[in-house]
Amino acid sequence: VEDDKTATLRKLEKEPTKSYPLRIPTSLFDDLREIGALTGISINAICLELLRPVVKKKLKELKDLE
């Protein structure tokens, strides 16, 4: 139960953000726009949702190699 409370509090805290221009193929951008139109979620949120698990997995793999 304590871990659930900690996780909830962590999610409620706003993390500082960084603006980063991303160059992607037009076809990928069109796909992201379509997902956004179907879900009502912003392209930014879609990208973060898709990237976060992959980034964490890659970082873990790299740290395990050290």
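**Exercise 1.** Determine how the axes of α2 and helix α3 (residues 43-65) are placed relative to each other.

Step 1. The two axes, taken as lines fitted to C-alpha atoms over the stretch in contact, come within 9 Å.
Step 2. They cross at roughly 105 degrees, on a scale from 0 to 180 degrees between N-to-C directions.
Step 3. Angles of 65 to 115 degrees count as roughly perpendicular, under 35 as roughly parallel, over 145 as roughly antiparallel and the rest as oblique; α2 and α3 are therefore roughly perpendicular to each other.

The model is predicted: local features need pLDDT of at least 70 and side-chain atom pairs count only at pLDDT 80 or more, while totals for chains, interfaces and linings use all residues. Residues are numbered from 1 along each chain as its sequence is written, and side-chain values use heavy atoms, with hydrogens and water left out.

**Exercise 2.** Identify the residues through which α2 meets α3, and classify them.

Step 1. Contact requires heavy atoms within 4.5 Å. From α2, Phe 29, Leu 32, Arg 33, Ile 35, Gly 36 and Thr 39 take part; from α3, Ile 43, Ile 46, Cys 47 and Leu 50.
Step 2. By class, this contact has 7 nonpolar, 2 polar and 1 charged residues. Ala, Val, Leu, Ile, Met, Phe, Trp, Tyr, Cys and Pro count as nonpolar, Asp, Glu, Lys and Arg as charged, and the others, Gly among them, as polar.

**Exercise 3.** Is Ile 46 buried or exposed, and which residues does Ile 46 touch?

Step 1. Ile 46 is found in helix α3.
Step 2. With a relative accessible area of 5%, Ile 46 is buried (under 20%; exposed is over 50% and partly exposed in between, 1.4 Å probe, protein chains only).
Step 3. Leaving aside residues up to four places away in sequence, Ile 46 touches Leu 32, Ile 35, Gly 36, Thr 39 and Ile 41.
Step 4. Buried residues make up 6% of the 66 residues in the protein chain.

Notes. Helices (H or I, at least four residues) and strands (E, at least two) are DSSP runs, numbered from the N terminus.
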